[in-house]
Amino acid sequence: MEGENKILVVGGAVGTFLATKLHADGQRVDLFGRSKVTALPDQLRIQEKLYESPSRLLELPRDASYEYVILATKLHHLREVLELLQTVRLRAEKVFSVQNGLVDNAQFAQIFGNHIPHIASVFDGFRLDGDRLLTTNTGRGWKVEDTSEGRDFAAMLSRASILCAAEPNLDRVRAEKSLANCCLNGLSAILNKTFAELFSDPETLRRIERLFDECYAILSTEFRLESADVLKEHMVKDWRYAEHYSSTWQDYTAGKPTEIEYLNGYMVKLGQEKRLPVWENLRIVEALDHSGGSQ
């Protein structure tokens, strides 16, 4: 270890993964989150290896200082968390927001002010199941901005055996991640299927392809994406055999709000601004809005 940091991690399964791995590397880590976090056992099993759980906070301390604050909370909780950090006057040298693909951060500008957090994007999947933290590894790991802060963050994660790299064009990478999110996450919730089950059904596969084509047409007006064939191949390779439900499914089946507004909902907004078709994305948003879920 090249130096101990005092780190606050906020969030559920993703945050628990980060906090546990960083704690195992010798960092001073506090983990703050909701019921699943506060109910964590003293030991967690990640990929069949047993880890000591980090310190769990029931509430945030007042006037505390951290080298890093890592916000791995769901996007619909981000405003609440940011306001709470302000209320307790928590200070941080560096703030990183873990975001699931392309996100319109303008809505948080009033709270961020001049302290816009650095962005980290994750390509793997995580789910808490009792004393196990289940992971789906795509081989692409984590991506951060190619800045001095981003490179330091990537180095810290790498020392904790978390695959992380600085990316010169992070917004494009996040846009490409959004393709998979918008094609798979909502469908996993609506159809109550794992990613592998989505790909194994011919009708669902056709729907995935329609969603992909619609999202690619929208995003390619803003970003110089790789070819559609290459990105579709990446999505299939990463998720076709994943026996893993989406985070949207996890929230939806638990009766919690989902991130669909920030995924397919954001795609609808962008498409409408550019006068492009958004029908397939709109179907996802409306299904989760109107089929008895928690949105």
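The crossing of helix H6 and helix H9 is right-handed, where right-handed means that the near helix is turned clockwise from the far one by less than a right angle, and left-handed that it is turned anticlockwise. What you see above is a predicted model, in which local features need pLDDT of at least 70 and side-chain atom pairs count only at pLDDT 80 or more, while totals for chains, interfaces and linings use all residues. Residues are numbered from 1 along each chain as its sequence is written, and side-chain values use heavy atoms, with hydrogens and water left out.

Two packed helices are described by the angle between their axes and the distance between the axes. For H6 (residues 170-191) and H9, the angle is about 60° and the axes are 10 Å apart, which makes H6 oblique to H9. Axes here are lines fitted to C-alpha atoms, for helices over the stretch in contact, with angles from 0 to 180 degrees between N-to-C directions; under 35 degrees counts as roughly parallel, over 145 as roughly antiparallel, 65 to 115 as roughly perpendicular, and the rest as oblique. Helices are DSSP runs of H or I with at least four residues, strands are E runs of at least two, and both are numbered from the N terminus.

Which residues of H6 and H9 meet? On the H6 side they are Glu176, Leu179, Ala180, Cys183 and Leu184, and on the H9 side Leu231, Met235 and Trp239, where contact means heavy atoms within 4.5 Å.

Let me move on to the loop between H9 (228-239) and helix H10 (247-253), which is the place of Tyr245. Tyr245 and Ser188 are 57 residues apart in sequence, and yet 6.3 Å apart in space, C-alpha to C-alpha. Leaving aside neighbours within four places in sequence, the contacts of Tyr245 include Ser188, Asn192 and Phe195.

Now to helix H1 (residues 13-24), whose twelve residues reach 16 Å from the first C-alpha to the last, close to the 16 Å expected at 1.5 Å a residue, the expected span being 1.5 Å times one less than the number of residues. Ten of the twelve residues of H1 are buried, so H1 is largely enclosed by the rest of the structure; buried means under 20% relative accessible area, exposed over 50%, and partly exposed in between, with a 1.4 Å probe and protein chains only. Among the buried residues of H1 are Phe17, Leu18 and Lys21. After H1 comes Gly26, with a positive phi near 100°.
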